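Visitor: I have a structure open and would like to go through it with someone. Could we take it one question at a time?

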Amino acid sequence: MMKTKTTERWALTGVRIAPFTQKRNIRRTIGGTALVLIMALAAGCLAVRDEAGRKTAATETMSKSVRPGVLYQYIERDTPRPTRIHVLRIDLTHAERSLAVTAAPDPDGDGPVETVLSSPHTLARQGNFAAAVNTNPWAMVPDPKTGKTSGYIAGGACDISGWAVMDGRQLSPPQHYCSFWMDGEGAPHLEDVKTPPDGVRLAVTGFGRLLRAGSVLPGASDVRHPRTTLGLSQDKRWLVLAVVDGRQPGYSEGMSERELAELMVELGCHDATNLDGGGSSVMVLCEKGKPPHIVNRPSDKEGPRPIPLMLGVRQ
């Protein structure tokens with residue numbers, strides 16, 4: 001386990017982020033009820049439980065502000081199996097107008113291709129992001145001349161799966177998946193969308209819901225993969241984006257959908273959805289004046305997989 005490099009810890013406490021240190025009492029208010037949290041575990045460990053009810057240890061080894069209203073956290077766990085987690089907590093009262101989607105241009109207009117795959121670094125630079133994650137799954141579009149697809153390479157033609165909107169322009173229509181979207185007034189929504197409403201500024205889509213009104217939806221499973229997920233706090237002030245590394249025995253072995261849902265409850269979410277995962281799961285940070293860098297460890301041996309679009313916070 002990595003040694004902690006910081007003495008300050010952070011927790012999402014109701015509707016605010018508050019600093020804390022080990023063995024320090026903090027008071028939080030949820031729904032008007034004051035609760036006292038006793039942080040009494042050494043080295044900043046937090047007690048949680050896995051699907052079988054066994055205690056696990058979570059050690060947050062690094063926490064830093066990315067820009068006003070955006071906090072990055074790194075969490076590592078060694079029980080019940082090695083797991084490495086990267087979290088972005090976004091205060092939408094400060095960063096709502098900086099939230100954006102970016103994708104490469106549509107190369108064939110009204111044709112079957114909606115965008116081409118790009119490296120996460122390229123998309124992060126294109127979006128001028130301080131922090132970003134992958135979102136929608138996709139399907140490769142065959143070359144009309146050969147009938148063959150290019151594979152997961154930069155420039156590969158693809159059809160975005162699910163609803164996607166960038167700067168008010170629809171990239172891909174709704175396809176009955178759970179979508180996150182922001183309306184023209186800046187209000188966030190996490191819903192199954194069949195017919196797109198008017199005035200949508202941005203939208204991204206994953207697969208099925210993980211949480212609905214605080215309830216965990218997936219059943220128990222032994223199927224674990226790298227994951228990317230998105231959630232909202234009950235008051236919709238906080239947007240939480242998390243990437244869980246996986247398929248790397250001894251380092252990080254991934255999570256089931258149920259474990260992912262329980263993680264999002266732990267991170268303060270009331271509603272959450274499962275975005276594209278596997279080798280596509282990626283989180284990028286970019287400090288001003290420096291090139292974008294990937295903070296997680298994507299599972300593909302070839303390196304970070306090109307993807308169709310990203311959701312992020314601009315610098």
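Guide: Leaving out residues up to four places away in sequence, His225 touches Gly246, Arg247, Gly254 and Met255. This is a predicted model, and His225 is found in the loop between strand E20 (215–216) and E21.

Visitor: Which residue makes a side-chain polar contact with His225, and at what distance?

Guide: Arg247 is among the residues that His225 touches. The side chains of His225 and Arg247 are joined by a polar contact of 3.1 Å.

Visitor: Is His225 buried, partly exposed or exposed?

Guide: Buried requires under 20% relative accessible area and exposed over 50%. His225 has 28% relative accessibility, so the residue counts as partly exposed.

Visitor: How far apart in space are His225 and Asp245, C-alpha to C-alpha?

Guide: In sequence, His225 and Asp245 are 20 residues apart. In space, their C-alpha to C-alpha separation is 7.8 Å.

Visitor: Which backbone oxygen does the side chain of Thr229 reach?

Guide: Thr229 lies in strand E21 (residues 227–232) and counts as buried because its relative accessibility is 0%. Beyond four places in sequence, its contacts include Leu210, Val240, Met264 and Thr273. At 2.9 Å, the side chain of Thr229 reaches the backbone oxygen of Thr273.

Visitor: How many of the six residues of strand E16 are buried?

Guide: Strand E16 covers residues 178–183.

Visitor: Which residue of E18 is the bridge partner of Trp181?

Guide: E16 pairs with strand E18 (residues 200–205) in the antiparallel sense, over five bridges. Within E18, the bridge partner of Trp181 is Ala203.

Visitor: Which residue takes a positive phi in the hairpin of E16 and E17?

Guide: E16 and strand E17 (residues 188–192) are antiparallel and pair over five bridges. Met182 stands opposite Pro188 in E17. The hairpin has four residues between the strands, and the residue with a positive phi near 90° is Gly186.

Visitor: Which strands stand at the edges of the open sheet of three strands, and why is one side of each left without a neighbour?

Guide: The order in this sheet is E10-E13-E12, with antiparallel pairing. Each edge strand has a single partner strand, so one side of each has no neighbour in the sheet; the edge strands are E10 (115–116) and E12 (138–140).

Visitor: Which residue of E13 does Val116 stand opposite?

Guide: E10 and strand E13 (residues 157–160) run antiparallel and are joined by two bridges. In E13, the residue opposite Val116 is Ala157.

Key. Residues are numbered from 1 along each chain as its sequence is written. This is a predicted model: local features need pLDDT of at least 70, side-chain atom pairs count only at pLDDT 80 or more; totals for chains, interfaces and linings use all residues. Side-chain values use heavy atoms; hydrogens and water are left out. Two strands pair if DSSP finds at least two bridges between them. Buried means under 20% relative accessible area, exposed over 50%, partly exposed in between (1.4 Å probe, protein chains only). A polar contact is a pair of N or O atoms within 3.5 Å; within protein, one must be able to donate a hydrogen and the other to accept it, and residues adjacent in sequence count only if both atoms are side-chain atoms. Contact means heavy atoms within 4.5 Å.
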